[in-house]
Amino acid sequence: MGRSTAKWRNGTARLTLPGGAAVPVEVAASYGTRRRGLLGRDGVDGAMLLTPCNSVHTFRMRFAIDVAYLDREMNVLAVTTMPPGRLGLPRPRARHVLEAEAGAMERWGLRPGVRLALSRE
């Protein structure tokens, strides 16, 4: 996965967390998959990466999510928890958004300043 958007494709990947643990990630790079996101699901195994993306909403979501805003180099800019029915503010420097079930990112040690690594499966 590089900095160029041409390299981002829908599919699966592994996210390496601080400490070396890995989490499965669904990559949503096309308009349709980004738009659908986690809608209609009861949960998510691991996380979903929306790219390119700098804001999300939780309208019609069935569960609360953690949201991490990432820059082009996969550095975490901000982390927040969003209950269903909310509209997140756009983050101007964000290029990607990582979504997971509420509470997951705290367990994973994600916070501003952490750099993530993503590798294709």
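Contact here means heavy atoms within 4.5 Å. The model is predicted: local features need pLDDT of at least 70, side-chain atom pairs count only at pLDDT 80 or more, and totals for chains, interfaces and linings use all residues. Residues are numbered from 1 along each chain as its sequence is written, and side-chain values use heavy atoms, with hydrogens and water left out.

**View 1. Thr58 and its surroundings.** Thr58 sits in the loop between strand S3 (47–50) and strand S4 (65–70). Strands are DSSP runs of E with at least two residues, helices are runs of H or I with at least four, and both are numbered from the N terminus. Thr58 touches Ile65, Met82, Pro83, Pro84, Gly85 and Arg86, leaving aside residues up to four places away in sequence. Its side chain reaches the backbone oxygen of Pro83 at 2.5 Å. With a relative accessible area of 0%, Thr58 is buried (buried is under 20%, exposed over 50%, partly exposed in between; 1.4 Å probe, protein chains only).

**View 2. The open sheet.** The sheet has 7 strands in the order S5-S4-S6-S3-S2-S1-S7, with mixed pairing. Strand S5 (76–82) and strand S7 (117–120) stand at the edges; each has a single partner strand, so one side of each lacks a neighbour in the sheet. On average, neighbouring strands are turned by 30° against each other, direction ignored (axes are lines fitted to C-alpha atoms). Two strands pair if DSSP finds at least two bridges between them.

**View 3. Strand S4 and its partners.** S4 joins strand S6 (residues 96–101) through 6 bridges, antiparallel. Ala68 has Leu98 in S6 as its bridge partner. S4 and S5 also pair in the antiparallel sense, over 6 bridges. Here Val67 is bridged to Thr80 in S5.

**View 4. The S4–S5 turn.** S4 and S5 form a hairpin with 5 residues between them. Met74 in the turn has a positive phi of about 70°. Asn75 lies in the loop between S4 and S5. Asn75 counts as buried, at 19% relative accessibility. Asn75 touches Tyr69, Leu70, Val114 and Arg115, again leaving aside residues up to four places away in sequence.

**View 5. The largest pocket.** About 170 Å³ of space lies in this pocket. A pocket is an open set of points on a 1 Å grid where a 1.4 Å probe fits, with protein on both sides within 12 Å along at least five of seven lines; lining residues have an atom within 4 Å of a point. The lining has 13 residues, of which Arg34, Leu50, Val56, His57 and Glu99 lie nearest the centre. Helix H1 (residues 31–36) gives the most to the lining, with 3 residues.

Note on methods
A polar contact is a pair of N or O atoms within 3.5 Å; within protein, one must be able to donate a hydrogen and the other to accept it, and residues adjacent in sequence count only if both atoms are side-chain atoms. Axes are lines fitted to C-alpha atoms, for helices over the stretch in contact, and angles run from 0 to 180 degrees between N-to-C directions. Grid points are joined across faces, edges and corners, and a volume is the space filled by probe spheres set on the points.
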